[in-house]
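Subject: Model for your files

Hello,

Here is the structure I said I would pass on. My notes on what was found in it follow below.

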Amino acid sequence: MELKIHPSIGVARLGNSTTEICLSPDSIGGLPYDADNSGNLIGPITNFKDVKGLIKRQGQPFKIFQDDGQEITLDTSNVTSIEWTVHLANKKAAWYQYSELQGNLLYGNENSYENQNIPFRNPDITGSERQTLIIDPGPRTISGKLSSIGFDRENAPANYPVQYPNSEVKYGVAVTTLGDLLTDNSGRLIVLGGYGNAGGDLPLTSYGGSSTWHDDISDGPVYCTVTFNDGTPPVTLSAWVIVGSPDFAPEIVNISNLSDTMFDVGVRCFNLVPEMCIDGQYNPNYIANFQRDILPIINRISRYQWVANVQSMMAFASYQFDYSDPSEANKSNRLNYAYYFRQNDGQPPVPPTLPQEQLFQTNGDNLFPMMPLNSGSNSVSNTNIMKFLALDQTQLFLLEQWANGYFVSNPSYQPFPVNQLDAASVGNCVGLPMCPGIEVTWSMQNPIVYASPYTILQYQDENWYLANGLTPSRDECEGGGCEPGDLTKRMACPWQADFFQCTVQYINFTDPSVNKIKLPDGSSTPLPPTYYSYWWPPQSPWDVLVGELTEEGQVAGGGIPAGQQMNYARGINSFTQMVQYWYSLGFIRDKNSYNSGFPFMLETERNNEIFTSKEVPVSTISGNPEDAETTIPVFFIEASTSAVKRKSNKARVLMEHFEEVGFKAIEIHSEGLGLPRSGTRNRR
C-alpha cells in the first residue's frame with residue numbers, strides 16, 4: 001500500500017480576522033469553503049470577510065490517500081495515529097534585494113546574485129548574525145482530532161534556535177506569529193498562515209523591500225507519520241505549504257498559472273507525460289485534446305475582462321470560428337489564431353531571436369497585439385529583459401498541435417497524471433509572469449528545486465534544523481533542495497508594497513535592448529513610446545465592475561452606480577496605505593455562477609466605510625471656470641482616524657482594529673521613493 005499527501009504543495013492565504021477562517025479551493029478557479037474554527041468544512045463560502053469587515057484566513061487542508069484514491073483518516077479502522085509536523089519560516093529579511101531576473105540561475109551562473117553584485121537586504125547585519133533576520137519559529141507537531149498549536153515563541157520545540165524579530169516596531173505591526181496548525185474531526189491537517197502583519201524600524205524606501213522590515217508570508221515542509229494497528233509498518237510522508245497573500249478574484253485564473261509552470265517543468269525535465277515529451281524533446285505526432293489543453297487558455301483569456309481592460313484579448317475569446325473543429329477545412333483558421341501567440345525567449349535569450357520583446361504581429365500596415373497581452377517577467381530593468389508574456393513551452397506546444405490538427409475534441413478526456421488536488425492548490429497561483437510574482441517566483445521554473453513533478457526537494461529533515469536552524473543566504477537553485485522559507489524569500493517585504501505597484505506597466509515596444517532610461521533627476525522611466533500592459537490582474541485586479549446593488553451600498557461607495565468600471569484600489573493612494581488597508585479591498589465574485597457560460601463578475605465586500613470620495617471640478621486644476629461642469633471622482637482615506645470613525649458604526653469598528661493590533665503610522669524615507677516600477681503614478 002502506497003500513501004501520499006495531497007496536495008503535494010498546498011497554498012494557504014493571509015487574513016486578519018481573528019474569529020473566522022475558510023479553506024482553500026479544491027479546484028482551479030474554484031471558491032474557498034467556509035469552515036468552523038477547527039477546520040471542519042461547512043460548505044461553499046458565503047463571505048470572505050467576517051462581520052467586522054476583516055478577511056478570513058484561508059487554511060490549506062492536507063489529506064492522506066492510498067494509491068487507489070481512498071482517503072486515510074483517524075476514522076479508518078486500521079489507523080492508530082496520524083502525527084503532523086510543519087516547519088514554516090520567512091527568510092525575506094535575510095535574502096538579497098529584489099532585483100527582477102538578476103539572480104535567476106536559469107540564465108547561467110554568471111547571473112548569480114553574487115556575480116551580479118546584488119546587495120543583501122539589511123546589509124549592515126553581517127556574518128552569522130544574518131541568521132537572526134529569519135523568522136524561524138521552528139517546527140510544530142500536532143496529532144489527534146480537534147487539536148491546535150501556534151507558530152509563536154511560546155510553542156517552540158525545546159532547545160530550538162528560534163528566531164523572531166523584535167516584538168516592538170516603530171512602524172506597522174510587529175510579526176509575532178506565522179500562523180497555526182489545526183486538526184479537524186477526522187485528524188486531517190489544516191495549515192493557517194499569519195494575519196497580514198508587517199512592520200519595521202526604518203521608513204519605507206522601496207516597493208521591493210526595506211531594511212528592518214518583516215512580514216508574515218511563509219513556506220515550509222509538511223511531514224506526516226501514520227501508524228497502524230494491524231502490523232503494517234509506520235509510514236512517513238512529506239509535502240510543502242506556501243502562505244501567500246489573499247486571492248481577491250479566485251474564480252479568475254491566470255493564463256499561465258503555477259500549475260502550468262510545474263506541469264511544464266514536469267513534462268520537459270521529468271518525463272511526466274512520456275508520450276508527449278521525452279528528455280526535453282516533444283513528440284511532433286502527439287495528439288492533444290481541445291477541452292483539456294486549449295479551451296482553458298481561451299476561457300482564462302476571456303475572464304481577464306473582469307479585472308483588466310484588455311479589449312484585444314477579448315477578441316481572442318469571441319469564437320469567430322469553431323475552435324473545437326479538427327477538420328482540415330478549419331486548419332487555416334486555427335493556424336491564424338495560433339499565429340498571434342508569441343513564442344518564448346530562450347533562457348538565457350539569444351539575440352536577435354527575441355519574440356518576447358515583440359508587441360505587435362504585423363502584416364504590412366496591419367497590426368495587432370500578440371497574445372497574451374501582459375507584461376513579461378522583466379519589463380522593468382535593463383538586465384535580462386523580457387518585455388511581454390508568452391505561454392510556457394508546453395502550453396505553446398499543445399497550441400501548435402491543435403493548430404496543425406493533431407488533436408481531438410472529447411470532453412471525456414483522459415486527465416494528465418497529476419492529482420487534482422495537487423494541480424488545484426498551485427493552479428490558483430500566478431505562474432507567469434514572475435517579476436518576482438505574487439505567491440512565489442521564478443525559482444519554480446527551475447527543475448533543480450523539485451524531487452519529482454509537483455514535489456519540492458527538501459534540503460534536510462526537521463531533526464537537522466533542530467540542531468542547526470536555517471541558513472540565511474544559501475541559494476536552493478544551486479542544488480541540494482529547499483529549506484523552510486526558500487520559496488517565498490525572493491518576494492517583496494512587506495508584500496503589500498509590491499502588491500500595490502505590480503498592477504500596470506508602461507512598456508517600450510520599439511527597442512528590445514532597453515526598458516528604461518535615466519531622467520535628469522536620476523530616476524528612471526520607460527523608454528517612449530510605450531504600451532499599456534498588465535501584470536497579473538487575477539491576483540492584483542486593476543479595472544473592476546462596482547457591485548453595490550443597494551441604495552445604502554452606493555451611498556457608502558461614493559455614489560458610484562453598479563456596473564461602472566472603476567480602479568480596484570481606488571482610495572489607497574500609496575503603498576504605505578496598502579500596508580495598512582490591504583484588507584479593505586473587495587473580492588471579485590461571479591454573481592451568475594449557476595450558469596458558467598455567462599459569468600457576471602462584480603466587486604463585493606469592499607470596505608467602503610473607510611474611504612471618502614469627492615467630485616473634483618477640473619476647473620480646480622485648469623483655473624478655467626468653464627471646466628467646472630466636468631468633474632473627476634477622487635477617492636482617499638482621511639488622515640484623521642477619528643474623522644473616519646465618525647462616518648458610521650462599521651467605520652468605527654474598522655478603525656478600532658488598528659488600535660487592537662497596535663498599528664503604528666508608517667513614514668516614507670526622506671529622499672522619497674521615486675517613480676514606481678511602471679514608470680507612472682497614474683492610477684486612473
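In the largest nonpolar core, which has 72 residues, the members that touch the most others are M276, F341, W402 and M444. A nonpolar core here is a set of buried Ala, Val, Leu, Ile, Met, Phe, Trp, Tyr and Cys residues joined through side-chain atoms within 4.5 Å. Buried means under 20% relative accessible area, exposed over 50%, and partly exposed in between (1.4 Å probe, protein chains only). At least two residues of this core come from each of β2 (9-13), β17 (235-244), α1 (258-270), α2 (290-303), α4 (331-339), β24 (386-388), α5 (393-403) and β28 (504-508). Helices (H or I, at least four residues) and strands (E, at least two) are DSSP runs, numbered from the N terminus. The most is given by α5, with six residues.

Two points on provenance. This is a predicted model, in which local features need pLDDT of at least 70 and side-chain atom pairs count only at pLDDT 80 or more, while totals for chains, interfaces and linings use all residues. Residues are numbered from 1 along each chain as its sequence is written, and side-chain values use heavy atoms, with hydrogens and water left out.

Not counting residues up to four places away in sequence, F341 touches I297, I301, F316, M370, M371, L391, L396 and L399; contact means heavy atoms within 4.5 Å. There is also a second, separate core of 59 residues, which includes I45, Y207, C435 and A497.

Next, helix α5. Nine of its eleven residues are buried, namely T394, Q395, L396, F397, L398, L399, Q401, W402 and A403. Among the elements that cover them are α1, β19 (281-282), β20 (288-289), α2, α4 and β25 (407-408). At the start of α5, the backbone nitrogen of T394 has a side-chain oxygen of D392 within 3.1 Å. After α5 comes G405, with a positive phi near 90°.

Two helix pairs involve α5. The axes of α2 and α5 come within 10 Å and cross at roughly 110°. (Axes are lines fitted to C-alpha atoms, for helices over the stretch in contact, and angles run from 0 to 180 degrees between N-to-C directions.) α2 is therefore roughly perpendicular to α5; angles under 35 degrees count as roughly parallel, over 145 as roughly antiparallel, 65 to 115 as roughly perpendicular and the rest as oblique. F290, D293, I294, I297 and R300 of α2 make this contact with Q395, L398, L399 and W402 of α5. By class it has six nonpolar, one polar and two charged residues.

The axes of α1 and α5 are 8 Å apart, at an angle of about 80°, so these two helices are also roughly perpendicular to each other. D260, F263, D264, V267 and R268 in α1 meet Q393, T394 and Q395 in α5.

Finally, two single residues. V11 is in strand β2 and is buried, with a relative accessible area of 2%. Leaving aside neighbours within four places in sequence, V11 contacts S24, Q58, Q60, I242, S425, V426 and C429. V11 and A424 are 413 residues apart in sequence, with their C-alpha atoms 9.5 Å apart. S312 lies in helix α3 (residues 311-314) and is buried at 14% relative accessible area. With residues up to four places away in sequence not counted, S312 touches F368, P369, M371 and L373.

Regards

Terms used. Nonpolar A, V, L, I, M, F, W, Y, C, P; charged D, E, K, R; others polar. Polar contact = N/O pair within 3.5 Å; in protein donor to acceptor, adjacent residues only side chain to side chain.
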